[in-house]
Amino acid sequence: MATTDGSLFSAEINKEDALYEQLLLQAAREMQSQLPTTQESKQIRPQPGFCVKTKSRSSEKVFINVCKSDQIPPPPDLSEDGLVTLLESDDPSGYRIPMSLGEPHAEIDNSGNGCTAYDIVINSKFYNKIQNNKLFMEFFITIGFEGLENKYNLELSREWRMLKNRKFLGSITEQNIRTKSKPIIQELESSTPSPGNCSQPLISEVESTCVEPEYIIVAEPAEEHPSFLVAEISLPKVDSAGVLLLDLGEDRIVLWARPDLYHLDIYLPYNIIQEESGSQFNRNTKVLTITMPVQQA
């Protein structure tokens, strides 16, 4: 989960005991060219679709960004009458919806309160289909909720609404999906009844290979327009800075840990001075620290 803290960054690293390695800040095109190529996975950049608002069991706000991509395989073609027949049947498991379920990311809602958002990516043609058919939309939302509940041990309210003036909450990031034929999908049995007494619909989840690391961003000083932002990113599976690819934009951090370990793509609350920024990776604590001077207002 991502968090922000207005206090001074106070973590101290013993320079005598820790080995630091300086990371080179690389342009986005160079970073992309150095990403590993493999026949077992590929990177996709989803397109925004719509955002759904609901609540968790503890009444916390949850937002679900429904995105689309041609790289996600479509489900079998099914008419509305066919879906009705499926929902009325005793065994609806023959119809699966391929989707990629992204990791949870912390966001701020319009009221300035913290909330959690999830990304679901589906095939572009199937996205158009649910947009034009209320029954398919209700069916997909139910299946998508069940997929998130199974994967992240959640319990989501079935009362939801689509945001009118917002296509997504937060930022849409690239996702790595497996392309290997076996196993290309992971079947997730639903635990909650869906519309039309459909008791066991299955989801074909296109498996993502990268996860978003935990991170903290702090400002110094906290009481006024900061002079610096410091990002502390936890990378417990990384042993050397040599597998890290870092790109700093004017208000953005993009980080890859190869091969397919971590991916972070976040926007910063202030514009930074890229050429004066620096980063250090501590092999002992497995923490990457990025120090970024802030452009003055």
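Tutor: Here is a quick tour, one topic at a time.

Student: Fine. What kind of model is this, and how are residues numbered?

Tutor: This is a predicted model, where local features need pLDDT of at least 70, side-chain atom pairs count only at pLDDT 80 or more, and totals for chains, interfaces and linings use all residues. Residues are numbered from 1 along each chain as its sequence is written, and side-chain values use heavy atoms, with hydrogens and water left out.

Student: How many helices and strands does the protein chain have?

Tutor: Four helices and 19 strands. Both are DSSP runs numbered from the N terminus: helices are H or I with at least four residues, strands are E with at least two.

Student: How much of the chain counts as buried?

Tutor: 44% of the 297 residues. Buried means under 20% relative accessible area, exposed over 50%, and partly exposed in between, with a 1.4 Å probe and protein chains only.

Student: And what share of the contacts join residues at least 24 apart?

Tutor: 67%, taken among contacts between residues at least 6 apart in sequence. Contact means heavy atoms within 4.5 Å.

Student: Let's look at strands. Which ones does β5 pair with?

Tutor: Strand β4 (residues 47–55) pairs with β5 in the antiparallel sense, over eight bridges. Strand β8 (residues 114–123) pairs with β5 in the parallel sense, also over eight bridges. Two strands pair if DSSP finds at least two bridges between them.

Student: Which residues face each other there?

Tutor: Gln47 stands opposite Lys68 in β5. Phe63 has Ala117 of β8 as its bridge partner.

Student: Is β5 mostly covered or mostly open?

Tutor: Mostly covered. Seven of the nine residues in β5 (61–69) are buried.

Student: Is Ser59 buried or exposed?

Tutor: Ser59 counts as exposed because its relative accessible area is 52%.

Student: Where else does a residue other than glycine have a positive phi?

Tutor: Asn153 is one, with phi near 55°. Asn153 sits in the loop between α4 and β9 (161–162). At 71% relative accessible area, Asn153 is exposed.

Student: Which peptide bond is cis?

Tutor: The one from Glu220 to Pro221, with omega near -5°. Pro221 is in the loop between β13 (215–220) and β14 (228–234).

Student: Switching to helices. How do α3 and α4 pack?

Tutor: At an angle of about 120°, with their axes 6 Å apart. Axes are lines fitted to C-alpha atoms, for helices over the stretch in contact, and angles run from 0 to 180 degrees between N-to-C directions. So α3 is oblique to α4. Under 35 degrees counts as roughly parallel, over 145 as roughly antiparallel, 65 to 115 as roughly perpendicular, and the rest as oblique.

Student: Which residues make the contact?

Tutor: Phe126, Lys129, Ile130 and Gln131 come from α3, and Phe136, Met137 and Phe140 from α4.

Student: And what about the loop between those helices?

Tutor: Asn133 is found there, between α3 (124–131) and α4 (134–152). Asn133 is buried, with a relative accessible area of 16%. A polar atom of its side chain lies 3.0 Å from the backbone nitrogen of Leu135.

Student: What comes between β17 and β18?

Tutor: A loop that holds Ser277, with β18 covering 278–282. Ser277 is buried, at 10% relative accessible area. The side chain of Ser277 reaches the backbone oxygen of Ile273 at 2.9 Å.

Student: Last one: how does β18 pair with β19?

Tutor: Antiparallel, with five bridges to β19 (residues 287–293). Gln280 stands opposite Thr289 in β19. Their hairpin has four residues between the strands, and Lys286 takes a positive phi near 60°.

Methods:
A polar contact is a pair of N or O atoms within 3.5 Å; within protein, one must be able to donate a hydrogen and the other to accept it, and residues adjacent in sequence count only if both atoms are side-chain atoms.
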